[in-house]
Amino acid sequence: MASITDCVVEGLKYPFKDINKLLIFGVLFAVISALSTFIGAKSLDIFRAAVHINEMNNGTLSQIPFSQLPTGDIYLVVGLTIVAFIVSLLIMGYQYDIIKFSINKKEDLPGFGDILAMFVNGIKYFIVILAYNIIPMLVLVVGTAFAGESSVLPIIIFISMLLFIIAYFLLLMALNNMIAHDSLKKAFDFREIIDNISNLGRGKYVGIILFTLIVMMIISVAVGFILSFITVLFAAIINNQAFVISIVIAIIEGLFIDSYMGLFFNRVCGSIYRESIK
């Protein structure tokens, strides 16, 4: 049985086995990053416009007629959000393939030939993520709504965070189980999921995930310093163009960093599952 470090080291090397596919995957992340930055900026503009209209009318934000808002920007934000969601599904679909290749111990990276299959797999991936996070979200939202500002609120938040953590560890094995059997139902076969975790060892399972996340955090901090330097460099070259700089940095981060992290983490996840069924 492979050690924790063996799985992580193999995962760190895996993205470099096909730079072209790594960059193609990165393009999807770059699109998401650019869209998110643009949507965020436009949403802020819409909010500022709403506040300005509110001040002019001496009313409340909820009473502002839709016709007075910048409808063109609102439609643009909605449209770009839909596009971003579709691209996110493609990313999740490719991550589905990465895990499958890892479980089957394939050394190469998945291709991008079947976009429809990627999209369908991305939907299944998203459904499982949503299903496993529904209960923690409900506890947080409903509990916060009822608790208000009472002393119970910190307890509600603590319980919901604990549920999110438990759901996260179950979710990773659930996704692997679904992908291994290519069956959405297998993502909710809790007996098999728990058995797989037990076969690997609960301590080892939690340990390898935490170790992988720590490695990702270290990489992110290191990359953060580099991106900060690039940001300063761009700021010196391009004066008063903060939005342009944000877009460029977002594209760089998506193209190179997010794609690498996605390949690395999902490769390790597939390796964990492969070890659990030995």
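This section describes the helices, salt bridges and selected contacts of a predicted model.

The protein chain contains eight helices and zero strands. Read from the N terminus, the order of elements is α-α-α-α-α-α-α-α. The chain has 278 residues, of which 38% count as buried.

Helix α4 spans residues 115-147. The helix comprises 33 residues, and the distance from its first C-alpha to its last is 46 Å, close to the 48 Å expected at 1.5 Å a residue. A bend of about 40° is located at Ile-134, and Pro-136 follows within four residues. Just after α4, Gly-148 adopts a positive phi of about 65°.

A nonpolar patch on the surface is formed by Leu-130, Ile-134, Ile-135, Met-137, Leu-138, Val-141, Val-142 and Phe-146. Together these patch residues have about 790 Å² of accessible area. Leu-138, one of the patch residues, is placed in α4. An α-helix has 3.6 residues a turn, so residues three or four places apart point the same way.

Salt bridges in the model number seven. Side chains of opposite charge can pair when their charged atoms come close. One of the salt bridges joins Asp-182 to Lys-124, with 3.4 Å between the closest N and O atoms. Asp-182 lies in the loop between α5 (153-181) and α6 (190-200), and Lys-124 lies in helix α4, so this pair ties together parts that are 58 residues apart in sequence. The two partners fall into separate accessibility classes under the 20% limit for buried residues. Asp-182 is partly exposed because its relative accessible area is 46%. Lys-124 has a relative accessibility of 17% and therefore counts as buried.

Lys-186 takes part in two of the listed pairs, one with Asp-189 and one with Glu-192. In the salt bridge between Asp-189 and Lys-186, the closest N and O atoms are 3.4 Å apart. The N to O distance in the salt bridge between the side chains of Lys-186 and Glu-192 is 2.8 Å. Asp-189 is partly exposed, at 24% relative accessibility, and Lys-186 is likewise partly exposed, at 23%.

A network of salt bridges links Glu-10, Lys-17, Glu-107 and Arg-267. Arg-267 also makes an approach through its backbone: the backbone oxygen of this residue lies 2.8 Å from a polar atom of the side chain of Ser-102. Ser-102 is located in helix α3, which covers residues 71-103. With a relative accessibility of 0%, Ser-102 counts as buried.

A further pair, Ile-24 and Leu-255, brings together positions that are 231 residues apart in sequence, with 8.2 Å between their C-alpha atoms. Ile-24 is placed in helix α2, residues 19-57. This isoleucine, Ile-24, counts as partly exposed, with a relative accessibility of 42%.

Note on methods
Residues are numbered from 1 along each chain as its sequence is written. This is a predicted model: local features need pLDDT of at least 70, side-chain atom pairs count only at pLDDT 80 or more; totals for chains, interfaces and linings use all residues. Side-chain values use heavy atoms; hydrogens and water are left out. Patches are made of residues with over 30% relative accessible area and no salt bridge: like charges are joined within 9 Å, nonpolar side chains (Val, Leu, Ile, Met, Phe, Trp, Tyr) within 5 Å. Accessible areas come from the Shrake-Rupley method with a 1.4 Å probe; for residues, only the protein chains shown count as cover. A salt bridge is a side-chain nitrogen of Lys or Arg within 4 Å of a carboxyl oxygen of Asp or Glu. Helices (H or I, at least four residues) and strands (E, at least two) are DSSP runs, numbered from the N terminus. The expected span of a helix is 1.5 Å times one less than its number of residues. The bend at a residue is the angle between axes fitted to the seven residues ending there and the seven starting there. Buried means under 20% relative accessible area, exposed over 50%, partly exposed in between (1.4 Å probe, protein chains only). A polar contact is a pair of N or O atoms within 3.5 Å; within protein, one must be able to donate a hydrogen and the other to accept it, and residues adjacent in sequence count only if both atoms are side-chain atoms.
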